Amino acid sequence: MVALEFCSLVLVSVIAPSFSYVYTPKANPKAVVYATPNARFTVLTSRLIRMEWAPAAADSSVEFNDDATFAFVNRYMNDGDVPQFTVTKTGDNGVSIKTLFITVDYKSDNSSFNANNLQLTMQFNGNTTVWTPQPTFNRTLNGNLLGTLRTLDGANGVRNLNCLNQINEGYHCTLGLISTSGYVVVDDTNNPRFTSDAWPWVMNRSVGPPTGQQCNVDPYKRIDCGYIGISPFDCEGKGCCFKGGQALEGVPDCFYGDKTYRDWYLFGHGHSYTDALKDFTKVSGKIPIPPRFAFGIYYSRYWAYSDFGDMEIVDEYEERGIPLDVLVTDMDWHMTFYKEASSGKKDQSGHTIGWTGFTWDKHLFPNAAAFLDWCKSRNVKNTLNLHPASGIQPWEDTYQEMAKAMGIDPNTSRYVPFDPTDVKFTTNWFKIVLGERLREGIDFWWLDWQQGEDIIKIPGVNPTIWLNHVFFTNPMQFGTSPNYTRPFILHRWGGLGNHRYQAGFSGDVVPSWDSLSFQVYFTLTASNVAFVYWSHDIGGHISPSPPELYTRWIQWGIYSPIFRTHCTKDYNNDRRIWVYPYENYKIMRKAMRHRATMVPYIYTEARVAYDTGVGIVQPMYYWAPEHPQAYSYKDQYFFGSQLIVSPIVAPMDNATQLSIKSIWLPEGDFISWSTGEWIHGTVEINRSFSLSETPVFVKAGSIIPMKHDFDVLGSAQVIPDVLKLLIFPGNNNSSEYTLYEDDGHSTKYQAATPEHATQTYKVNVIN
């Protein structure tokens, strides 16, 4: 017999915080050690050490950095959170700093950090690991578990995530914060910095290259100061040496001088990977919880839909009982000038005419406000695609007001140039141009930046992460009304720190089994830099997706962070599931309805990500780091705390119409969701699955909160009055799961005493 015990519902009321981004970049003095006037160490946690070396200026002063950077914004730890450590002087110029896990040994030799003056020793799993600064020549990944990059545009399968040899600098390739070697060093030297304003802005600063003989470093002893392909402007702007075109394989073009500023962070967490992510989000900012609707179903297609065409889509979803929460309208919502563009015409900025636009195409949307009101009446959210690089052209409906605001005479018909690092331009752009669309009823923006990564003339600042920052922190949108309180955008990855701005849009891939398989792996590795909300083009983009492939993509999509179908403009390329064969349609419809029922569980796990830095999609090695299979099974993962998902990423056998899948389950007991089979780990198994089945395994004793019933339109944003608890048997006498709920749309969850409700569901076995 099973008895359910329910804890009481706890509601805490607080005053909503004012809209501001308050960073605390200056470390607690109790965590700081000045080994010498030139060397400063900050003990951020017992496993996270900041290391700085700065040269003396002409007046003998030494300048360290206490400003927030794009990657690190919160270095201050309260007195109770500063870890215990000891400091011992060693000789005339040396110091030894010891935490529970790491020993820092430094002895000054009047040069920047190098292998002779700095050594960090780490203990984990009974082993001793030593790190010293080493030349870049022939450097390896050293067990790094990889991170993510800006886009998968054009990929057909694998894209190189090894940033040590990723030659496309526009990808902003970022390695993971965790490694099988037990440590990772992050270089934050002279990276872009934020001001301390209420709306943090980028500092316009350039350090300039080293002077004198500092750059005369043996090529094979250089320590790199930037990614492959970095420009001389960005390299020298961050205070490093640039000597390009030497054709020496493995030797960096951008490197440190022997007495230049260094700012490094060592994550020495051993195989406690989740602790590394939690420490990272302490100093880099938490992973915001998306609004509740974001975990629902999106419909997207690059197509010249009209208002009636979009309304027809919504009606068809409702009539067929298919959940729909977000309607995505691609770039044809605005004036596109396809005829002129096809003849090569450019706008005043030099870009293809019509690629940028901010004014509704009246032929397709004669009354956009009425259309958006209709969507709101159906509980459907709306987003629009933006390619903003051309600025505000004379034909835009807000041109006159925007030109005047920027000091341009509208009678000249001179366009307003795009300059997102100019606070005056950005403020007016948000207030006047984009604000008009928000007032009509747009809920959030799809920031589809793909117009060059070198338009901003501040060293180290790329437009991807900067636009993500200003859109996500936009005080002219979020916090202005009850409808616009919790930030959310769709965008691309711009580098470390981008986890503060969710969610990602991974780009236009070729539909193939290889692409499906890699998207799974790509989502897992992104968790290693806390970027836990990738949104993929489910079904692929560039060409039609065969029925079996699309079905399997849908089945994976329901166990991905964001569920969004999409494809390019082609009459034969469609992602409406009802245009596929009926058997596939039934399976996909069932899967999408299942996604809708899982929102309470997914939303709870989003709160876990906010609190811990661990996203809902978790590589197996997070929880079984000493098992080789946790690394080799690259297309399976934990989906939250209760489930393991191993999506089918290869075609069925033609003869049997079954897919054989090899699966590894870690220590513990698991139950197959589809068959009820009880499996005892640690074990590798092979199982066959029909097209209607997805390999999902539930921890024995799990309690999965699900929606009992739902309206098909806008169901994700609705907090259910009735829950269905799916309870799986276990070996223990009791088990429990704590459900998290809040209002789903405000930032109150970020308060020190957040306004929310938790409900703990507990199962006791009574003999």
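Student: Why is K278 called partly exposed?

Tutor: This is a predicted model, and in it K278 has a relative accessible area of 37%. Buried means under 20% and exposed means over 50%, so with 37% K278 falls in between and is called partly exposed.

Student: Where is K278, and which residues does K278 touch beyond its sequence neighbours?

Tutor: K278 belongs to helix 2, residues 273–284. Leaving out residues up to four places away in sequence, K278 touches D611 and T612. K278 and D611 are 333 residues apart along the chain, yet their C-alpha atoms are separated by 8.0 Å.

Student: What makes Q502 buried?

Tutor: The relative accessibility of Q502 is 1%. The cut-off for buried is under 20%, so Q502 counts as buried. Q502 sits in the loop between strand 19 and strand 20, and the residues that Q502 touches include P288, I289, P290, F472 and Y533.

Student: How do you know that the side chain of Q502 makes a polar contact with P288?

Tutor: That side chain reaches the backbone oxygen of P288 at 3.5 Å. A polar contact asks for a pair of N or O atoms within 3.5 Å, so the pair meets the limit.

Student: What kind of peptide bond leads from Q502 to A503, and what is its omega?

Tutor: The bond is cis, with omega near 15°. A503 is also in the loop between strand 19 and strand 20. Another cis peptide bond joins G681 and T682, where omega is about 5°, and T682 lies in strand 27, residues 678–689.

Student: Why do these bonds deserve a mention?

Tutor: Because most peptide bonds are trans.

Student: Are N142 and L146 buried or partly exposed?

Tutor: N142 has 36% relative accessibility. That value lies between the 20% and 50% limits, so N142 counts as partly exposed. L146 has a relative accessible area of 12%, which is under 20%, so L146 is buried.

Student: How do you know that V186 is buried, and what does V186 touch?

Tutor: V186 has 11% relative accessibility; buried means under 20%, so V186 counts as buried. V186 lies in strand 11. Setting aside neighbours within four places in sequence, its contacts include F72, L177, W264, Y265 and L496.

Student: What is found at the start of helix 8?

Tutor: A side-chain oxygen of N462 comes to within 2.9 Å of the backbone nitrogen of T464.

Student: How do you know that the radius of gyration of the chain agrees with that of a compact globule?

Tutor: For 767 residues, a compact globule would have a radius of gyration near 27 Å. The chain has 27 Å, so the two agree. Its C-alpha atoms fill a box of roughly 85 × 80 × 55 Å along the principal axes.

Student: What else can be said of the whole chain?

Tutor: The secondary structure comes to 13 helices and 32 strands. Buried residues make up 60% of the 767 residues. Among contacts between residues at least 6 apart in sequence, 73% join residues at least 24 apart. The chain exposes about 29700 Å², with carbon and sulfur atoms supplying 51% of it. There are 62 positive and 77 negative side chains, and the centres of the two sets lie 2 Å apart.

Technical notes:
Residues are numbered from 1 along each chain as its sequence is written. This is a predicted model: local features need pLDDT of at least 70, side-chain atom pairs count only at pLDDT 80 or more; totals for chains, interfaces and linings use all residues. Side-chain values use heavy atoms; hydrogens and water are left out. A polar contact is a pair of N or O atoms within 3.5 Å; within protein, one must be able to donate a hydrogen and the other to accept it, and residues adjacent in sequence count only if both atoms are side-chain atoms. Helices (H or I, at least four residues) and strands (E, at least two) are DSSP runs, numbered from the N terminus. Buried means under 20% relative accessible area, exposed over 50%, partly exposed in between (1.4 Å probe, protein chains only). Contact means heavy atoms within 4.5 Å. The radius of gyration is taken over C-alpha atoms; the globule rule is 2.2 Å times the number of residues to the power 0.38. Accessible areas come from the Shrake-Rupley method with a 1.4 Å probe; for residues, only the protein chains shown count as cover. Lys and Arg count as positive and Asp and Glu as negative; His and the chain ends are not counted. The place of a charge is taken as NZ of Lys, CZ of Arg, CG of Asp or CD of Glu.
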